[in-house]
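Open the structure in your viewer and keep the selection panel at hand. The stops below say what to select and what is there.

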Protein chains: 2
Amino acid sequence: MTSVADTKTKAQASRPLLVVGSLALDTIETQTSRREDVLGGAACYASYAASFFAPVRLVGVVGEDFPRKHEDLLRARQIDLAGLERVHGRTFRWAGRYAADFNQRTTLDTQLNVFETFRPKIPPSYVDSEMVFLANIDPVLQLEVLNQVRQPRFVACDTMNFWIGGKREDLLRVLRRVNMVLLNDEEARQLSGRDNLPAAARIIQGMGPTAVVIKRGDAGALLFAQGEVFAAPAFPLEKVEDPTGAGDSFAGGCMGWLARTGDFSDNGIRNAMVFGTVLASFAVEDFSLDRFRSLDAAAIRDRCAAFARLVRYTPASF
Amino acid sequence: MTSVADTKTKAQASRPLLVVGSLALDTIETQTSRREDVLGGAACYASYAASFFAPVRLVGVVGEDFPRKHEDLLRARQIDLAGLERVHGRTFRWAGRYAADFNQRTTLDTQLNVFETFRPKIPPSYVDSEMVFLANIDPVLQLEVLNQVRQPRFVACDTMNFWIGGKREDLLRVLRRVNMVLLNDEEARQLSGRDNLPAAARIIQGMGPTAVVIKRGDAGALLFAQGEVFAAPAFPLEKVEDPTGAGDSFAGGCMGWLARTGDFSDNGIRNAMVFGTVLASFAVEDFSLDRFRSLDAAAIRDRCAAFARLVRYTPASF
């Protein structure tokens, strides 16, 4: 165990993680609450989650209406905003409603706004990034990012049904260049054409990534890599306020940990999955990034210990 | 590690497990196959799964049409059939169809037949049973069983939506007398009135059982007991033929292990969950109890080792 101060020093010594994706203003309805125009977007959640483990470099776009306080929040976590463009127009907006058990959500509204014409520009200070997370954006843009980074060492990407269906060839081009893909079970099925998840993962591995992470919401996540499978159950929480960004926080925690350690061994990636699970478990405890604001290394450490207790058993002999 | 021979000796030395529930002839449709009138029923799956770990005493009813070869199959596993009634009429029949991903099934037909008037009679040779598994039957019958057993030490029960809705008071009477309840997530929600599973488990614990096991199909199972939670992911399988009986095989493996060891400690029950998971993983690999027929201790041991690899990681310090 290291102290919070040690943690900070170590994080500053580790490889920076480049995160590219959306920043959004979300309107969220649950069975009991509603929040309007709160900070969201895959790149926000992923960056903030990763920032507990490694320096983060963000690339994204916001409109004139994006509140300064949101930028300040990211900057307070030492997230590098050299790659954050502020352009004429309104920020990307998403609105959704969750069912009672949070496993189903309905998109009520999507306004791409400034995100529609977004072309990621990697600042000169970012081109040496060794660790890259391509959050869910058009695979054509994901490729443009990879073409601007000098010599990435470990690249992960996310995607969604829209691109799997509509830009399959571009997505396959991305997949050939990534080490790890994180996607949910339905996306894995759609991409592979197989219903069975281990079969789907095997087919997706054949498309390029050596590690395939299938995110299953409150059923946890599965890692397929190096002929092994690792199952990380979701942390069972009695308080769930808003699952928005859970998958992105998972990815951010996972990639942040890998950036911190540079340990891409089986056990290294398993640990990254655990940190991803832990960060996702915090993300859902409040709306937007609100739970993250009060999060510190001690709380992360406590939940890592609780996760270990959640899965630990001493095998009996038979 | 003990040899297969040791295993057998140990199993014979452990407490017998009394299993009460249905024996059925199932007709199963999947996307690729169809099987008619194959051996099924909760008590069959549970008994057979448990028989790898402890002596089993079965109580149930079949009609004149129940093939002798099915009885022989159970007897070959040393399952005590003194409590199996064969009565005038047809055996309980169930027919169902599975969707492509096996997570949804449609009941096509249910014919209770001889099961409709079933009243479990515990033979004198069973009344000293210390370990009892009450599979999913009318809670009034579950109570009748408990009233006939002299001094049960550890009782577990399953149930279903039909009884939770229609015989709630009787079910609550059962729950006050059981140590462990195993039910699926929808049943846990219905019984507790809460969507959140940890909250549901807490409420169900308040109804009597100190251990609540929530079965979630291919999302695995959660154990809530002694203020702790244990998550056992389902074993990711590329070959799934028929998920019928997976939950009952889980319960049988779990209770069989507890009967074998008498270890009701936190780690003892966690191990029971693992054996339940392992037996369930075999059950789904073929129709009916077909995969069980060729199963031996060595295969169970191998899959236990594979399960340990599925969840094992060496926590990194942070």
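For the angles on this tour, under 35 degrees counts as roughly parallel, over 145 as roughly antiparallel, 65 to 115 as roughly perpendicular and the rest as oblique. Axes are lines fitted to C-alpha atoms, for helices over the stretch in contact, and angles run from 0 to 180 degrees between N-to-C directions. This is a predicted model, in which local features need pLDDT of at least 70 and side-chain atom pairs count only at pLDDT 80 or more, while totals for chains, interfaces and linings use all residues; side-chain values use heavy atoms, without hydrogens and water. Residues are numbered from 1 along each chain as its sequence is written, and chains are lettered from A and ligands numbered from 1 in the order in which they are written. Helices (H or I, at least four residues) and strands (E, at least two) are DSSP runs, numbered from the N terminus.

**Chain A: α10 and α12**

Select residues 266–283 of chain A, which form helix α10, and then α12(A), residues 297–311. The two helices pack at about 115 degrees, with axes 10 Å apart; α10(A) and α12(A) are therefore roughly perpendicular. On the α10(A) side, the contact (heavy atoms within 4.5 Å) includes A:Val274, A:Phe275 and A:Phe282. On the α12(A) side, A:Arg303 and A:Phe307 are among the residues that take part.

**Chain A: the segment after α12**

Next, select A:Ser317, in the segment after α12(A).

**Chain B: α9 and α10**

Move to chain B and select α9 (residues 246–261) and α10 (residues 266–283). Their axes are 7 Å apart and the angle is about 140 degrees, so α9(B) and α10(B) are oblique to each other. Show side chains for the contact: B:Phe250 and B:Trp257 are among those in α9(B), and B:Met273 and B:Phe275 among those in α10(B). Of the residues of α10(B), 16 of the 18 are buried, so this helix is largely enclosed by the rest of the structure.

Finish at B:Ser14, in the loop between α1 (4–13) and β1 (17–20) of chain B. B:Ser14 is buried, at 8% relative accessibility. Beyond its neighbours within four places in sequence, B:Ser14 touches B:Phe53, B:Ala54, B:Pro55, B:Ala259 and B:Arg260.

Conventions. Buried < 20%, exposed > 50% of the residue type's maximum accessible area, 1.4 Å probe, protein only.
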